[in-house]
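Please read this briefing with the sequence and the model side by side. It starts with the charged pairs and then turns to the helices, the cores and the backbone.

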Amino acid sequence: MDTGLLVLRLVTGLLIAGHGMQKVSFRLGGNGVAGGTEEFRRDGFRGGRLTALAAGGSQVGAGLFLAAGLLTPMAAMAAMGVMTVASTVKWHKGIWVQNDGYEYPMVLVVISAALALTGPGRWSVDHLLGLTPWPLWMSVGVIALGPASGLLTRAVLHRPVVSEGTTRYAQATD
């Protein structure tokens with residue numbers, strides 16, 4: 001079981017970190033902070049550069065902490081939050097990734113929730129520091145707070161624009 005949790009944490013955590021790295025750098029096929037900023041603007045978010053840095057930084061940090069098994073519940077909560085935001089961006093396209101749907105971010109949310117519940121396993125920094133097992137109430141709390149924080153972020157940062165009696169989402173710059 002510990003080997004399976006290690007593999008799951010490493011793959012999931014490094015994918016989330018890589019996803020964030022693309023938003024803030026030219027590494028891993030990213031377009032730098034300017035590209036990340038433009039991506040968020042196209043998706044209708046306020047904040048420009050700050051939003052790109054916060055999202056990318058959260059993904060990098062959460063992913064690396066998950067991979068290491070360090071403060072696993074909090075890392076899982078952050079990962080669930082940013083991936084919930086990503087899911088909301090793709091929601092209108094349906095579930096399947098071949099249609100640019102929310103399948104991939106949803107899988108990352110579910111894996112992060114599962115890691116919050118199971119713990120990081122014996123081969124983790126949490127275990128090395130004697131921080132495991134985490135109390136069940138903490139795991140359940142972060143599973144609720146992670147997606148809730150993503151939905152709140154979406155509500156606060158998304159730019160609705162009222163035009164001719166209908167609401168659409170802004171695609172313009174800040």
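A salt bridge is counted here when a side-chain nitrogen of Lys or Arg lies within 4 Å of a carboxyl oxygen of Asp or Glu. The model is predicted, so local features need pLDDT of at least 70 and side-chain atom pairs count only at pLDDT 80 or more, while totals for chains, interfaces and linings use all residues. Residues are numbered from 1 along each chain as its sequence is written, and side-chain values use heavy atoms, with hydrogens and water left out.

- A search of the whole structure finds four salt bridges, and one of them joins the side chains of Asp100 and Lys93 at 2.8 Å, N to O.
- Asp100 also forms a salt bridge with Lys90, where the closest N and O atoms are 2.6 Å apart; because Lys90 lies in helix H4 and Asp100 in the loop between H4 and helix H5 (103-118), this pair ties together parts that are ten residues apart in sequence.
- Helices, such as those just named, are DSSP runs of H or I with at least four residues, while strands are runs of E with at least two, and they are numbered from the N terminus.
- In terms of accessibility, a residue is buried under 20% relative accessible area, exposed over 50% and partly exposed in between, using a 1.4 Å probe and protein chains only.
- Lys90, at 23% relative accessibility, therefore counts as partly exposed, as does Asp100 at 34%, and Lys93 is partly exposed with a relative accessible area of 38%.
- Through salt bridges that share partners, Lys90, Lys93 and Asp100 are joined into one network.

**Lys23 and its surroundings**

- Lys23 has its place in helix H1 (residues 2-24), and with a relative accessibility of 6% it counts as buried.
- Glu39 forms a salt bridge with Lys23, the closest N and O atoms being 3.6 Å apart, and this pair links distant parts of the chain, since Glu39 is in helix H2 (residues 32-42) and Lys23 in helix H1, 16 residues apart.
- Contact in general means heavy atoms within 4.5 Å, and, leaving aside neighbours within four places in sequence, Lys23 is in contact with residues including Gly32, Val33, Gly36, Phe40 and Gln59.

- Helix H4 (residues 72-90) has 19 residues, which at 1.5 Å a residue should span 27 Å, and its end C-alpha atoms are 27 Å apart, which agrees; the expected span is 1.5 Å times one less than the number of residues.
- H4 is mostly covered, with 15 of its 19 residues buried.
- A nonpolar core is a set of buried Ala, Val, Leu, Ile, Met, Phe, Trp, Tyr and Cys residues joined through side-chain atoms within 4.5 Å.
- In the largest nonpolar core, which has 20 residues, those that touch the most other members are Ile16, Leu66, Ala76, Ala79, Met80, Met83 and Leu115.
- The elements that give two or more residues to this core are H1, helix H3 (48-68), H4, H5 and helix H7 (136-157), and H4 gives the most, with seven residues.
- Another core, of six residues, lies apart from this one and has among them Ala52, Ala55, Val85 and Val89.
- Leu115 touches Leu5, Leu8, Arg9, Leu66 and Thr72, not counting residues up to four places away in sequence.

**Backbone features in the loops**

- Most residues other than glycine have a negative phi, and most peptide bonds are trans.
- Leu71, in the loop between H3 and H4, has a positive phi of about 50° although it is not a glycine, and at 32% relative accessibility it counts as partly exposed.
- Asp100, in the loop between H4 and H5, has a phi near 65°, again a positive value in a residue other than glycine.
- The peptide bond from Thr132 to Pro133 is cis, with omega near 0°, and Pro133 lies in the loop between helix H6 (125-128) and H7.
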